[in-house]
Amino acid sequence: MSRMIQGLSTRAELELFLVSKRAKPAALITFDAFVAWIDEDRTARQNTCSADLAQSHSLSETDLRNLEIYFPHFSVRYRLRERRSYCVSGVSEKKCSIDIASYYIGQNKDSLTALIQAFNEGDDETTGQALGFPEEACRSYGKMILGVKRNDSYTQVQLARARDAHIPVPSWMAYVTWVPDELDFVAGRVSTSTQELAKLYQLMTREFNAELAQRVETKFRNEALPVRWQLKPDGWYETQNPGFYSERTIFS
């Protein structure tokens with residue numbers, strides 16, 4: 001997997017790579033028509049955002065078959081989870097529809113079956129285990145710990161706090177695809193199990209696919225983080241990112 005797979009985000013490529021190398025048991029990846037559109041001419045569209053969209057983008061059966069060719073090549077099992085669309089505002093606020101297709105992938109039949117069963121049961125801890133996340137992260141996800149719920153906003157705010165305190169975030173953080181049970185760089189309290197697994201993923205990716213590792217780490221460094229946040233009574237952070245507001249954000 002030495003080059004970009006058209007239609008897959010860098011994060012999805014990383015997940016597929018790690019499953020193919022038997023570093024993680026399974027993953028859920030998404031094939032996105034918007035990403036595929038950009039990939040057609042990456043040089044010309046490298047700065048494209050949804051505001052530049054002039055039309056909707058769909059996925060054909062041929063698009064899916066072309067992607068699915070990769071799965072047996074990397075000796076992973078797969079099953080289509082769902083196909084759906086989401087809407088974005090394009091040129092002149094025109095509503096554009098974007099097709100996506102999500103896939104379960106596993107390193108073998110058993111890991112694929114375990115992932116599908118976990119998603120069907122809807123249990124976060126079991127799902128995290130099927131995805132190969134650290135046990136501490138699996139147990140803490142969605143729970144309130146010291147007044148803060150462990151979810152994606154927790155991770156984003158902790159990274160933003162480190163940025164504002166001028167504390168360098170280690171490059172292995174680019175390989176963390178789960179919500180750590182503890183991620184406080186300011187106080188120096190970072191989950192050991194998260195560090196160990198992320199460093200393993202980084203080592204493997206750098207050794208066996210240096211080009212992908214470079215893209216993963218570059219993308220992480222360039223990701224926008226919240227500029228403001230407010231902890232609500234339910235333990236969620238309401239966040240404001242540069243240039244736009246999240247759906248849960250209302251600042252006075």
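The angles here run from 0 to 180 degrees between N-to-C directions, with each axis a line fitted to C-alpha atoms. Keep in mind that this is a predicted model.

So what do helix α1 (residues 10-20) and helix α10 (residues 210-222) do? Their axes come within 10 Å and cross at roughly 135°. That makes α1 and α10 oblique to each other, and their crossing is left-handed.

Which residues do the touching? On the α1 side you'll find Thr 10, Glu 13, Leu 14 and Phe 17, and they meet Leu 212, Arg 215, Val 216 and Lys 219 in α10.

## Aromatic pairs

Now for the rings. The count of aromatic pairs comes to seven. One that's worth a look in the viewer is Trp 178 with Tyr 201, an edge-to-face pair with 6.2 Å centre to centre and 80° between the planes. Trp 178 sits in the loop between α8 (152-164) and β6 (183-184), while Tyr 201 belongs to helix α9 (residues 192-208), so the pair ties together parts that are 23 residues apart in sequence.

Are these two residues buried or exposed? Trp 178 has a relative accessible area of 5%, so it is buried. Tyr 201 comes in at 1% relative accessibility and counts as buried too. The cut-off for buried is under 20%.

Terms used. Residues numbered from 1 in each chain as written. Predicted model: local features only at pLDDT ≥ 70, side-chain atom pairs only at ≥ 80, totals over all residues. Heavy atoms only, no water. Helix = DSSP H or I, 4+ residues; strand = E, 2+ residues; numbered from the N terminus. Parallel < 35°, antiparallel > 145°, perpendicular 65-115°, else oblique. Left-handed = near helix turned anticlockwise from the far one by under 90°. Contact = heavy atoms within 4.5 Å. Phe/Tyr/Trp six-rings, centres within 6.5 Å; stacked < 30°, edge-to-face > 60°. Buried < 20%, exposed > 50% of the residue type's maximum accessible area, 1.4 Å probe, protein only.
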